Amino acid sequence: MRASLLCSALLAAIAFPLIGNSLAIPASSHSFKNQLEGRDDLEKRDELDKPPIYPPFSEDTQNKHLRFDYPRMHWRSRPWKEGYYPIHCVHEAQFNNLWILDFQVRDVWFEDCGVPWTVCRHKDAKEKWHSILDTLSQVPVGMRQYVANLVILPGPIDGGQGSTIQAAAYTRGSVLVFSPTYFKLGVLFHEITHIMDMVALAPFLESQGFPEGTPFSRTKYWKYAYGNDTAVPTPYSRASWQEDFADAGRWAMSDISRYRGLREYSKGWGACRTQIRAFQWWMMPMIFPKKGICTGKVEGGYAVKVVVVEGQNPLVSLFQAGPESREEDRQRPNTKVAGSGVAPIVLPAGAANMFFAYHGA
């Protein structure tokens with residue numbers, strides 16, 4: 001077993017015993033289900049009216065710790081053929097009024113999964129390729145597998161005249177987009193948790209009668225955890241159930257990686273204990289799969305060939321996704337997961353259109 005996989009396995013071995021320490025979370029899915037029997041009233045809870053914990057968590061301190069807490073995975077990368085871009089990257093370049101031809105594209109393979117991730121980086125982004133891929137490698141594979149594409153933007157004044165960077169970081173469907181200074185593990189954990197909220201437990205929720213596309217955070221299972229606490233993890237948690245879940249996920253990842261857990265960050269963390277433990281109970285078996293390798297992968301955006309038409313605004317690059325010559329079709333990068341030996345993870349209805357902009361500390 002490679003050292004990085006061994007580190008991940010050890011982290012999981014340490015994490016899972018911690019998850020069972022909370023008396024608020026049942027020991028089995030059967031007992032948990034029994035506790036929620038007849039509690040459909042929880043679905044009607046709409047307001048998050050509880051205060052954030054005090055003293056507050058420090059995101060700066062957390063981000064410094066996470067850099068050392070989670071092991072880097074060995075990776076290798078390869079650039080795409082010039083002129084081809086993932087359709088998701090084209091859309092995000094247009095959304096931020098950036099010229100798509102200023103982006104570079106690379107496939108990156110990690111040793112814990114048989115298919116690559118495709119990353120787009122603006123040529124003026126402060127984050128360099130090695131740093132970007134090192135940081136992405138630190139995301140446990142059970143989280144990383146829900147990322148279709150990663151897009152790294154330039155700063156607001158670095159993108160050229162007319163660029164309008166829309167948010168510090170955001171998630172659209174299963175695509176993650178970051179501007180400088182926000183590409184850190186803590187924010188990555190937060191944003192990927194948004195995707196997992198919609199996708200990871202979708203089969204379970206549908207088996208319980210919930211409509212396809214229902215976020216886990218808006219069900220009685222999460223609201224039960226909230227109802228057993230006196231506070232939420234952060235001020236931002238109060239924005240919505242989805243943000244509460246995402247910030248609980250972010251801090252749950254530090255709870256399992258620090259020797260003293262969240263006591264290292266706030267002596268008042270116990271006020272949101274049930275939300276932290278609930279996230280761990282539901283999500284950690286997926287975040288740290290038993291074999292330490294991906295159990296699937298969300299497919300990245302299909303490759304399109306970008307062409308610039310003379311006389312048109314270069315910020316609105318044209319792309320062609322239709323039939324090409326056989327030679328061009330052979331050159332088109334393959335982004336398919338099906339047939340690779342890795343199971344495709346399919347987004348439920350509506351998940352591809354979800355949008356969450358990060359407004360944390």
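This is a predicted model: local features need pLDDT of at least 70, side-chain atom pairs count only at pLDDT 80 or more; totals for chains, interfaces and linings use all residues.
Residues are numbered from 1 along each chain as its sequence is written. Local features need pLDDT of at least 70, side-chain atom pairs count only at pLDDT 80 or more, totals for chains, interfaces and linings use all residues, and side-chain values use heavy atoms, without hydrogens and water.

**Exercise 1. Describe the chain as a whole.**

Step 1: Take the secondary structure. The chain has twelve helices and twelve strands. Helices (H or I, at least four residues) and strands (E, at least two) are DSSP runs, numbered from the N terminus.

Step 2: Take burial. Of the 361 residues, 55% are buried. Buried means under 20% relative accessible area, with a 1.4 Å probe and protein chains only.

**Exercise 2. Place Val-337 in the fold.**

Step 1: Find its element. Val-337 sits in the loop between α12 (326-331) and β11 (344-345).

Step 2: Val-337 is buried, at a relative accessible area of 3%.

Step 3: List its contacts (heavy atoms within 4.5 Å). Beyond its neighbours within four places in sequence, Val-337 contacts Lys-297, Glu-299, Val-342, Ala-343 and Pro-344.

Step 4: Look further along the chain. Gly-114 is 223 residues away in sequence, yet the two C-alpha atoms are separated by 9.4 Å.

Methods. Buried means under 20% relative accessible area, exposed over 50%, partly exposed in between (1.4 Å probe, protein chains only).
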